[in-house]
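I opened this notebook page to record what I looked up in the structure, going from the pairing of the chains down to single residues.

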Protein chains: 2
Amino acid sequence: MPNNGYPWVREAIAARMSVEQGVTVTQAEMLLTCGAAGGLNVVFKALLNPGEEVILLAPYFVEYNFYLDNHGGVGRVVNTDQDFNLDLPAIAAAISEKTKAIIINSPNNPTGQIYPEEALTALGVILEEAGKRFGSTIYLIADEPYRKIIFDGNIVPGIFRTYRNSIVVSSYSKDLSLPGERIGYLAVHPEIDDKTALLDAMNLANRILGFVNAPALMQRVVAELQDVTVDTAIYARRREIFCSILRDAGYTFLAPRGAFYIFPQAPIQDDVRFIALLQEEKILAVPGVGFGAPGYFRLAFCVGDEVIKRSAEGFRQAMRKATAGI
Amino acid sequence: MPNNGYPWVREAIAARMSVEQGVTVTQAEMLLTCGAAGGLNVVFKALLNPGEEVILLAPYFVEYNFYLDNHGGVGRVVNTDQDFNLDLPAIAAAISEKTKAIIINSPNNPTGQIYPEEALTALGVILEEAGKRFGSTIYLIADEPYRKIIFDGNIVPGIFRTYRNSIVVSSYSKDLSLPGERIGYLAVHPEIDDKTALLDAMNLANRILGFVNAPALMQRVVAELQDVTVDTAIYARRREIFCSILRDAGYTFLAPRGAFYIFPQAPIQDDVRFIALLQEEKILAVPGVGFGAPGYFRLAFCVGDEVIKRSAEGFRQAMRKATAGI
């Protein structure tokens, strides 16, 4: 097998992506990777020169900063708006001659937000114009392992239709519930700048970073499962149970549109301290500060219905303690 | 599963390693990795500060240089002796205050050499003394995916018995003939310096380099196959066929003691040019210059007997052309 994966596996993925993205993608524009984390490291190794910046939208997955640091890159954080949507003027203001890329994660971990197509189209225009102004290419990297886990008939827009210099990185850990098998892929827009050089660099990066190739057996498995996903009705039901518990206990939050996380406001400013209060109730949450969003906390609903239901009293109790100033 | 792998899988590997190394190794000293290439990248990410040196013994696997460069390290090449064995005085002379580690590969790709125990014991003394002199720890990294592919009753000495600050990195690609599944491991000596910090760093490196963990299903597979290996008699037979062809055609070479490579001298100094002559005969070989050993070329005998047999006339023809100065 070539290091970028079995051609027929890439063809199967390209066929599905062509529909999702509304742009014809072929196996030649694609690389099988060791999950999305492996794919992102390959992309950054191929793209970045020391000191170049990648815009991260807070709240963001904390490990992006490590991935950048691995390859000499620097994260530049831009906050999303109060609904966790793209703050386009803030993004435009953060772009400089050092900007190599921006990474978006939609549906988002930790907020469950999905960026709408109009915002992505406007983002494409901003990146295109900034690239012209600085005489550079600014890449849009979409990390989208939650694409198929969506609720209420939402759709995840294809970024290939909104911006030419874009790269999609994804994984099957979530949509096939295959965590630990380390199988994912990346694909570049068919008309991306320096396409051949970029794909060659990614292929070499995949090899020399020690991935060499995506696990061979799992490549064969996912090729047969391109139109399949876990039953999202289960996640939708758990989301309902969870939202209802949080609403009743008085928390402020955005009902997630996709993925399996909720990112409520902590009732006190110190999210790490609030996490400790939840822990006293045997509830495991992650402080928002780790996502670049202090004052919030992340909950995951990839656990059983009963576990979620049993947490109701704990959430009420933690809210009581927090607002009583204990 | 923890990012360093299923504990019971690590236990199965530790039990076999304890016998091989003659030192009791436990699951706590071990990390499942995405093959040996992934393991080496994890080791280098954990160990290296920018500009620190790792001694490479030529001929060496060419990708070591890339792995070092990924993490800010610098390779310092030391030649082996005329039999491709350790040149201990040359190694001693190459050690400086910048030296962080030395990497050995035994059985060796490309030479098939196995370093004898006395030489490894002497190497341990050299590293220990140099470490004291420079007030540092110099790590010995053994990359040994070919440990079980050995001929003529040779044995591969366990480096844990010869040096305390040592790390073993390996893979199942070769001994189970599972290339592409990306399953391997690393283990540190139970009494290695800064053991806890080092293992923590490796665990984090495994995660943030994007491996996250070794492929989960394959972890379960190899746990059941610790005492199994491919039938090495097949490789031994192919080695005989190949050596006899090369001998008859007038090539100078060392009969490999392990692995499945032969590294003959090119009959002309320019190995790249000689490779082209072999290619005219439809024989695929790799020039020695890529292994830091110009004037040689690498042949692999992980191909069928018939393919090897059919190459006889080609090797004679290439020798004729080379010596005729064509």
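Predicted model: local features only at pLDDT ≥ 70, side-chain atom pairs only at ≥ 80, totals over all residues.

**Entry 1**

The same surface serves both copies, for 100% of the contact residues of chain B recur in chain A.

I then looked up the interface itself, to which chain B contributes 26 residues and chain A contributes 26 residues. About 2,100 Å² is buried between chain B and chain A, and carbon and sulfur atoms account for 53% of that area.

**Entry 1: the domains of chain A**

Next I turned to the domain assignment of chain A, which gives domain 1 as 7-223 and domain 2 as 232-323. The centres of these two domains of chain A, taken over C-alpha atoms, are separated by 28 Å. Their contact draws on 24 residues from domain 1 of chain A and 20 residues from domain 2 of chain A.

How much area is buried between domain 1 of chain A and domain 2 of chain A? I recorded about 1,900 Å², of which 61% comes from carbon and sulfur atoms. Of the area that domain 1 of chain A buries against domain 2 of chain A, 32% is supplied by A:Phe84, A:Pro110 and A:Phe151, more than by any other three residues.

**Entry 2: the sheet in chain B**

For the sheet I went to chain B, where seven strands form an open sheet with mixed pairing, in the order β1-β7-β6-β5-β4-β2-β3. Its edge strands are β1 (30-33) and β3 (74-79) of chain B, each of which pairs on one side only. From one strand to the next, the twist averages 20 degrees.

Helix α3 (residues 63-70) of chain B packs on this sheet, where it touches β2 (53-58), β3, β4 (99-104) and β5 (139-143) of chain B. The direction of α3 in chain B makes about 175 degrees with that of β2(B). I also checked one strand pair within the sheet: β6 (residues 166-171) and β7 (residues 184-188) of chain B run antiparallel and are joined by five bridges. In that pair, B:Ser171 stands opposite B:Gly184.

**Entry 3: strand β6 of chain A**

I then followed β6 (residues 166-171) in chain A, asking which strands are joined to it and whether its faces are covered or open. Strand β5 (residues 139-143) of chain A runs parallel to β6(A), and four bridges join the two; here A:Leu140 has A:Ser166 as its bridge partner. Strand β7 (residues 184-188) of chain A runs antiparallel to β6(A) and is joined to it by five bridges, with A:Leu186 as the bridge partner of A:Val169.

As for cover, six of the six residues of β6(A) are buried. Both faces are covered, with A:Ser166, A:Val168 and A:Ser170 buried on one side and A:Ile167, A:Val169 and A:Ser171 buried on the other.

I looked up A:Arg238 in helix α8 (residues 232-248) of chain A. Why does A:Arg238 count as buried? Its relative accessible area is 16%, and the cut-off for buried is under 20%. Leaving aside neighbours within four places in sequence, A:Arg238 is in contact with A:Phe301, A:Cys302, A:Val303, A:Gly304, A:Asp305 and A:Ile308.

A:Ser311 sits in the loop between α10 (305-310) and α11 (312-323) of chain A, and it counts as buried because its relative accessibility is 9%. Not counting residues up to four places away in sequence, A:Ser311 touches A:Phe242, A:Ile245 and A:Ile283.

Last, I checked B:Lys321, which lies in helix α12 (residues 312-323) of chain B. With 18% relative accessibility, B:Lys321 counts as buried. Its C-alpha atom is separated by 51 Å from that of B:Ala223, a residue 98 residues apart from B:Lys321 along the chain.

Methods. Residues numbered from 1 in each chain as written. Chains lettered and ligands numbered in written order. Heavy atoms only, no water. Buried < 20%, exposed > 50% of the residue type's maximum accessible area, 1.4 Å probe, protein only. Pairing = 2+ DSSP bridges. Contact = heavy atoms within 4.5 Å. Axes fitted to C-alpha atoms, helices over the stretch in contact; angles between N-to-C directions. Domains from an automatic or database assignment. Buried area = accessible area lost by both parts, 1.4 Å probe.
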